[in-house]
Amino acid sequence: MSDEVPVTAAPEGVRAEEASDPAGRPADRPWTALWVSALALPPLALLAAASWSGRWVRPGADDWCFLPAVRDDGVTGLVGKFYLDDNGRVANALLVGAYAKFQVAGHQWFPLVSGVLVLAVLWSVAVLALRRARLRTPRGLPLLLAALTAALFLFVTPNTYKTHFWPAASVSHTLPPVLACAALIPFLLARSRRGRAVALAVAALMGAFLATLSEETAIVVVVVLVTALLLSGRLVAGPDRKFVRRWCAAGIAGTAAGALVLVTSPGSMRRRERFGAETTSLLAPDSLTASLRAFAEIAVTVATTWQYVGAVAAGVLLGLLCRRADGTPPRPPAHWPLLTAAGLIALLVSGYLCTVVAYPVFGDRVSDPSANRLWNDYLLLYVILLAGAGALLGLGLRRLTHRTAPAKAVCAALCVLVCVGPAVSLTNLDTAMRARAEKWDAQARRLREGAEAGERVLPYERLVISDMLEPFSEGGRRYWPGGCVADFYGLDRVTDGARDAAPGNAQ
């Protein structure tokens, strides 16, 4: 994929020096493209390393229940189970079934497939957005923006395993906001009447899909689209305003239709009854207050995670290096204060509403680092807004001084430094995943051999990684998902291996 926006010749009347940067150097020097492209290598290396570590992923928690369901009843059986019994998320069941169909191998390939998807979507959106804005950048800058955004989103979290490596959590909270970004691709490509019709259809269908995939991401989508709809009169030029408004309306209508399918499903009603998440309890003052307190804790945790400054640094580089098609530097948007305020408000409102929806199920744990996967529905928006804020800073800096080399050097260094911590964490996580995989494989052989020999009850050793749920948690009092483990291996029941191995229980 080429990430360089096509360049048109400078119009007549523009002097040669105006088509170069303020220091008199050419706007698109090969050296600039080289060092900008080199900055994309560290985040790309993180994505590659995570994909390679995927070979150590083994099922856990909900995966234990998905695997035998898909094996015995197929993907359609899982869709029916979700719709009728579990939660109503039919799109979620489709994606879960897509990887669970391949059993353990599906879990191992998931990090590679999802990582490539995240990078491809963000890279495509970056290239097309810059092209639509008629901005020219050094080759490699859109890739840097996409790779660093992906790395920060996936790996700068309190629990990378649940964000990226656990397929069930990724399908519910990590991939949905990326799929929402994918709906921007036909929107940015739309030029003709047919192209705009396709963009409207994709917006509606994607909204419906996301509503039955992740309630929290659907909330973020609606908040962002409503914000864009309200601001379109001031921010969008007349010829495009009608299309933008229709596109936002199509996305909102599609999301509402999907939400209607979700909330009226038997599975969703049973889930709400099971967790006490009916409308009255969801909107109770105590629940709203507790959700606000939990979201404040999440906001402090995210805001004090310094690695996210990398998104700002990449944005500053964009603001310092981009050019108009004629080679002249662009000005900051006239309504940049309104854009900044609207982005911040949309982030805070959507984040709080996501916390309100999740609180009845997770309670005070919603702000715990072990539940960080619940933050991902609006975390990608946060990273993108940081990059946008950085771009505004870069554009403003160019108007203040012609000496931008120090700022470029600082931003380049930050783009590399923010990858160091995640690299160390991924290395440690790879070691832990490998150790668990070796024990998991050995235990799987033992349980399968026992089942083939006619055993109906066998001991199971808990293999916990990154706070994942396993049978016999809470000191052995909680059996779930022990029944699913037994189903997976063809047993009637599994017992607590740690308790059976205790000296007092030795046979």
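This is a predicted model: local features need pLDDT of at least 70, side-chain atom pairs count only at pLDDT 80 or more; totals for chains, interfaces and linings use all residues.
Residues are numbered from 1 along each chain as its sequence is written.

Me: How are α5 and α8 oriented to each other?
Reply: Helix α5 covers residues 103–132 and helix α8 covers residues 167–182. Helices here are DSSP runs (H or I, at least four residues), numbered from the N terminus. Their axes lie 9 Å apart, at an angle of about 20 degrees; axes are lines fitted to C-alpha atoms over the stretch in contact, and angles run from 0 to 180 degrees between N-to-C directions. Angles under 35 degrees count as roughly parallel, over 145 as roughly antiparallel, 65 to 115 as roughly perpendicular and the rest as oblique, so α5 and α8 are roughly parallel.

Me: How many residues of the contact of α5 with α8 are charged?
Reply: Contact means heavy atoms within 4.5 Å. In α5, the residues include Phe110, Leu117 and Val121, and they meet α8 residues including Val171, Leu175 and Val178. Ala, Val, Leu, Ile, Met, Phe, Trp, Tyr, Cys and Pro count as nonpolar, Asp, Glu, Lys and Arg as charged, and the others, Gly among them, as polar. The contact of α5 with α8 has 12 nonpolar residues and three polar, and its charged count is none.

Me: How do α2 and α6 lie relative to each other?
Reply: Helix α2 spans residues 41–53, and helix α6 spans residues 141–155. Their axes come within 8 Å and cross at roughly 50 degrees. The two helices are therefore oblique.

Me: Which kind of residue makes up the contact of α2 with α6: nonpolar, polar or charged?
Reply: From α2 come Pro43, Leu44, Leu46, Leu47 and Ala50; among their partners in α6 are Leu143, Ala147 and Phe155. The contact of α2 with α6 has no polar and no charged residues, and 12 that are nonpolar.

Me: Is the crossing of α16 and α19 left-handed or right-handed?
Reply: Helix α16 (residues 309–321) packs on helix α19 (residues 405–417) at about 145 degrees, with axes 8 Å apart. A crossing is left-handed if the near helix is turned anticlockwise from the far one by less than a right angle, and right-handed if clockwise. The crossing of α16 and α19 is left-handed.

Me: Which helix gives the most to the lining of the largest cavity?
Reply: The search of the whole structure finds one cavity of 30 Å³ or more. A cavity is a set of points, on a 1 Å grid over the protein atoms alone, where a 1.4 Å probe fits but cannot get out; lining residues have an atom within 4 Å of a point. The lining holds Ile298, Cys354, Thr355, Ala358, Val366, Leu374, Trp375 and Tyr378. With three residues, the top contributor is helix α17.

Me: How much space lies in the largest cavity?
Reply: The lining has seven nonpolar residues, one polar and no charged. Volume is the space filled by probe spheres set on the grid points, which are joined across faces, edges and corners. For the largest cavity that space is about 40 Å³.

Me: Which residues does arginine 271 touch?
Reply: Arginine 271 sits in helix α13 (residues 266–275). Residues up to four places away in sequence are not counted. Arginine 271 touches Asp86, Asn87, Arg89 and Val361.

Notes:
Side-chain values use heavy atoms; hydrogens and water are left out. On a 1 Å grid over the protein atoms alone, a cavity is a set of points where a 1.4 Å probe fits but cannot get out, and a pocket is an open set with protein on both sides within 12 Å along at least five of seven lines; lining residues have an atom within 4 Å of a point.
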